[in-house]
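Let's walk through this model together, from the whole chain down to single side chains. Keep the sequence and the 3D view side by side as you read.

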Amino acid sequence: MLEIQRWLFHSATAELKNFAGGAGGLSVLAALAVATLFGFVHALMPGHGKVALVSYYLGHPARLIAGVGTSAVLILTHVGSAVMLVLVGVTAIRATLGGVGRAPAFEAASAVLVTVAGIWLLVLSVRHDHRQLPQSAGFVAFATGLAPCPLTTFVMVYSVANGIVMAGLLVTAAMAIGMIVTIFIFVGCTMLLRERALQFFERTAPAREHVGRALEIMSALMIVAWLFATRAT
């Protein structure tokens, strides 16, 4: 996966270099196609908030369209924060960027917000208050995606340095589309799994009740048998 991701990323940046050298619009189209596929593969790697959204929707009912929305919010925040970081200027980049395109200040803010979201969801769950859950999903997605995407940062820095900002934005948008698709696949599968599991538990409730009673009786008999065995010895 890492090798595929590396190859796709180099292919996209190579097409950007060709465009910067005056190769024409076909290079941008090629870069967009590769960038979309790259975004899809890239989001399969660890991170990108998949665990946060999957954990949320595993415990809360929602429609698939809501999953699309939160997936888009997460990725657009993740990619958009990197774009804004580059476009606001070199001074801000030097002040906030760490190694390999990371932004420690944004990452710390993201961690704090995700923690707050988790505590808030815990409070809502204890209180059985489901009225604010849709808004909570959007907040979780935003907080998780707040840390800028390092690869997007590299693409935008290169685009700004070579005067092809629009091409860089198009490639970034294509990457985002691929990433949104990947995130939604995880979220959508979680939603469907949750519904199927609940339906299974509902259908098997009588049987599970009988099994539970049988286990209770078996447990009691085992305790009695253990008592007689210890008395005998």
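Of the 233 residues in the chain, 36% count as buried, where buried means under 20% relative accessible area, exposed means over 50%, and partly exposed lies in between (1.4 Å probe, protein chains only). This is a predicted model, in which local features need pLDDT of at least 70 and side-chain atom pairs count only at pLDDT 80 or more, while totals for chains, interfaces and linings use all residues. Residues are numbered from 1 along each chain as its sequence is written, and side-chain values use heavy atoms, with hydrogens and water left out.

The chain exposes about 13300 Å², and carbon and sulfur atoms supply 73% of that area. Accessible areas come from the Shrake-Rupley method with a 1.4 Å probe; for residues, only the protein chains shown count as cover. As for secondary structure, you will find 10 helices and zero strands. Helices (H or I, at least four residues) and strands (E, at least two) are DSSP runs, numbered from the N terminus. Contact here means heavy atoms within 4.5 Å.

Now turn to a pair of helices. Two packed helices are described by the angle between their axes and the distance between the axes. Helix α4 (residues 64-87) and helix α8 (residues 150-161) have axes that come within 9 Å and cross at roughly 35 degrees. The axes are lines fitted to C-alpha atoms, for helices over the stretch in contact, and angles run from 0 to 180 degrees between N-to-C directions. The crossing of α4 and α8 is right-handed, a term used if the near helix is turned clockwise from the far one by less than a right angle, and left-handed if anticlockwise. On the α4 side, V79, A82, V83, V86 and L87 make the contact, and α8 brings T152, T153, M156, V157 and V160.

Stay on α4 and look at S71. Is S71 buried or exposed? S71 is buried, because its relative accessible area is 0%. Leaving aside residues up to four places away in sequence, S71 touches L53, I180, I183, F184 and V187. V68 is also in α4, and it counts as partly exposed because its relative accessibility is 34%. The C-alpha atoms of V68 and I183 are 8.7 Å apart, although 115 residues separate the two along the chain.

That leads us to helix α9 (residues 165-203), where V181 is found. V181 counts as partly exposed because its relative accessibility is 40%, and I185 does so at 39%. Together with L44, I177 and F186, V181 and I185 make a nonpolar surface patch of about 390 Å². Patches are made of residues with over 30% relative accessible area and no salt bridge; like charges are joined within 9 Å, and nonpolar side chains (Val, Leu, Ile, Met, Phe, Trp, Tyr) within 5 Å.

Finally, consider charge pairing. Side chains of opposite charge can pair when their charged atoms come close. How many salt bridges does the structure hold? There is one, with a salt bridge defined as a side-chain nitrogen of Lys or Arg within 4 Å of a carboxyl oxygen of Asp or Glu. R194 forms it with E195, and the closest N and O atoms are 3.6 Å apart. R194 is buried, with a relative accessible area of 15%, whereas E195 counts as partly exposed at 31%.
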